Amino acid sequence: MSLARADCLFFLPITCLLLFLLPSPVLLADPSLELSIDEVSALAGDQSFGLPVHLTNVTDTIAGIEFWFQLDRPGAAFFVPKIDTVGTLLAGWDYLDVRLMGGSDLGVKVTAAADLTPPITNRGFGPQSGDTPLLKLQVSIPEQPDPITEFALIHIITEVEQFGFATPQGGALCVECEEEIVTTFFRCTEWHPDPDSGCVNWIEVTQPPIDSAHTDTTYSCWVDTACVRIDGGRVTIIDPVCGNIDGSLDGLVTMGDLTLLIDHLFISLEPLRWPSIGNVDGSSDDLVTMGDLTKLIDHLFISLDDLDCVE
């Protein structure tokens, strides 16, 4: 049995699963990886919106991941135990598990594998620049957030049992292990009357005389933080500003909002995240239409009159 397979208990569960399904791994040296979480803004009461997580892998192909994401304070935001994989690097992966951790909704663990069904056909994704999100966490804001809490930071737990990258060969990236050989000595304090029956009672000793010795090999593993760079994220709660539909943290209505409105109406047709503050023409229909686009252009370039969002 290879060292990697024998020491499976000291690696991540997803890595262990791959170890038994795939050929024995080749040890890899210092891959260059960067894991980063975006900074997003939200309004009070926003439910299950996406928080992109990006992975840059310069050298290696990734076929399995396991991460524990942790919010640093209650009252500002909480995780929803699901992720969005549409348009991400995990789209089409065979195995995906998302669960809350730590007995609250402030921590969520994501475990995923490209393919667990032999013959292995999905080898994961190769080196890429991180432009495409790895995944999108789902976060919600309470209807009434803690009034003195304006933001929450998102960290990634780097304990080896909760963090890892797996290659298609089953290797664990950015995990270092150290072997320790421990020998224990014993002295018999009572022998059986029958010489063939051996020792009845014994004690552990540190010096001679000894009657027997037992040697055990253990492994201590840790995440090599010099191998992977980790940048945490942030969720900032903003006040609704009429026309500030792009969610910019400065709370200003700018060309960015106009561009997003044009894209919504004529190009991608992607729904607005906050339609109520995109309905800037004062209409009571709660719809975002050409009237709102005309009003926004007038506000920015012509009359400069205030926008009118119906509350």
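How are α3 and α4 oriented to each other, roughly parallel or roughly antiparallel? The views below start from that pair. The model is predicted; local features need pLDDT of at least 70, side-chain atom pairs count only at pLDDT 80 or more, and totals for chains, interfaces and linings use all residues. Residues are numbered from 1 along each chain as its sequence is written, and side-chain values use heavy atoms, without hydrogens and water.

**View A. Helices α3 and α4 pack against each other at about 160°.** Their axes are 11 Å apart. Axes are lines fitted to C-alpha atoms over the stretch in contact, and angles run from 0 to 180 degrees between N-to-C directions. The two helices are therefore roughly antiparallel (over 145 degrees; under 35 is roughly parallel, 65 to 115 roughly perpendicular, the rest oblique). Helix α4 spans residues 290–301, and α3 spans 255–267. Helices (H or I, at least four residues) and strands (E, at least two) are DSSP runs, numbered from the N terminus. The crossing is left-handed: the near helix is turned anticlockwise from the far one by less than a right angle.

**View B. Side by side, α3 and α4 meet through residues that include Leu258 and Leu261 in α3 and Leu293 and Leu296 in α4.** Contact means heavy atoms within 4.5 Å. Also among the α3 residues are Met255, Asp257 and Phe266. From α4 come, among others, Met290, Asp292 and Phe301. By class, the contact has 12 nonpolar, no polar and 2 charged residues. Ala, Val, Leu, Ile, Met, Phe, Trp, Tyr, Cys and Pro count as nonpolar, Asp, Glu, Lys and Arg as charged, and the others, Gly among them, as polar.

**View C. Leu252 sits in the loop between β16 (233–237) and α3.** Leu252 touches Asn244 and Asp257, leaving aside residues up to four places away in sequence. Gly282 is 30 residues from Leu252 in sequence and 19 Å from it in space, C-alpha to C-alpha.

**View D. Two Pro-Pro peptide bonds are cis.** One joins Pro118 and Pro119, with omega about 0°. Pro119 is in the loop between β7 (107–113) and β8 (135–140). The other runs from Pro208 to Pro209, with omega near 5°. Pro209 belongs to the loop between β13 (199–205) and β14 (212–223).

**View E. Ser48 has a positive phi, near 50°, although the residue is not glycine.** Ser48 lies in the loop between β2 (39–42) and β3.
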